[in-house]
Amino acid sequence: MSITEQDRSYIVWQNRAFYFYVAARACFHKGFDPPAVSLSQQCIEQLMKATLIWWDSSFKPKKLGHDLEKMSQLIQVKVQNQGDFKVPGYLCDGKYQSLSRYPAPGGQGYGISGTLISGVDCLFADLVEMVSFQFNSELIRTLKQKRTHENWYFDLELHNGQMDRLRKHVLPLRSQPHA
């Protein structure tokens with residue numbers, strides 16, 4: 001089978017999500033909480049859009065803006081067997097998004113969940129598993145070529161309980177455009 005425009009778009013969006021994902025994990029493990037939260041939200045947003053692009057050719061990524069809750073609901077409807085898919089409320093909360101990105105008046109802070117990255121790890125793996133097309137992605141290159149992508153691999157693997165899921169889903173699909 002040939003690679004479609006939808007397949008290409010999915011990989012472009014997934015690659016962008018992967019960059020945000022690895023950066024979020026690195027920031028979190030170094031104690032940079034506000035960027036870790038912001039990058040985590042950006043990663044999930046990008047990967048949800050990638051997933052919807054792949055499953056629904058009429059999906060327009062800019063139309064929903066940054067509304068993770070609406071994208072979550074669309075995934076429940078558009079993606080096979082995903083009626084229970086849900087993004088944690090704190091990641092969907094616009095106030096949480098703003099507080100992670102911008103200084104608040106009066107120095108108001110916000111709490112960061114200790115399970116932020118493990119939750120994002122799970123969401124990332126869930127979303128990647130929703131799409132059978134994984135040909136030629138940065139995720140595959142990182143998993144396959146540990147030495148070439150050593151820094152990325154280290155940040156991806158560090159305390160990541162979803163590595164086996166990612167390997168099992170992605171690596172068998174690497175040598176062929178369509179499984």
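**A tour around helix α6**

Select C122 to begin: with a relative accessibility of 29%, this residue counts as partly exposed, a class lying between buried (under 20% relative accessible area) and exposed (over 50%), computed with a 1.4 Å probe on protein chains only. This is a predicted model, in which local features need pLDDT of at least 70 and side-chain atom pairs count only at pLDDT 80 or more, while totals for chains, interfaces and linings use all residues. Residues are numbered from 1 along each chain as its sequence is written, and side-chain values use heavy atoms, leaving out hydrogens and water.

Next, select C27, which is buried at a relative accessible area of 16%. A search of the whole structure for disulfides, meaning pairs of cysteine sulfur atoms within 2.5 Å, finds zero.

Now show α6 (residues 116–129) together with α2 (residues 33–55), whose axes come within 10 Å and cross at roughly 10°. That makes α2 roughly parallel to α6, the term for angles under 35 degrees. To see the contact (heavy atoms within 4.5 Å), select residues including A36, I44 and M48 of α2 and L116, L123 and F124 of α6. The residues of this contact divide into 13 nonpolar, two polar and no charged.

Methods. Axes are lines fitted to C-alpha atoms, for helices over the stretch in contact, and angles run from 0 to 180 degrees between N-to-C directions. Helices (H or I, at least four residues) and strands (E, at least two) are DSSP runs, numbered from the N terminus. Angles under 35 degrees count as roughly parallel, over 145 as roughly antiparallel, 65 to 115 as roughly perpendicular and the rest as oblique. Ala, Val, Leu, Ile, Met, Phe, Trp, Tyr, Cys and Pro count as nonpolar, Asp, Glu, Lys and Arg as charged, and the others, Gly among them, as polar.
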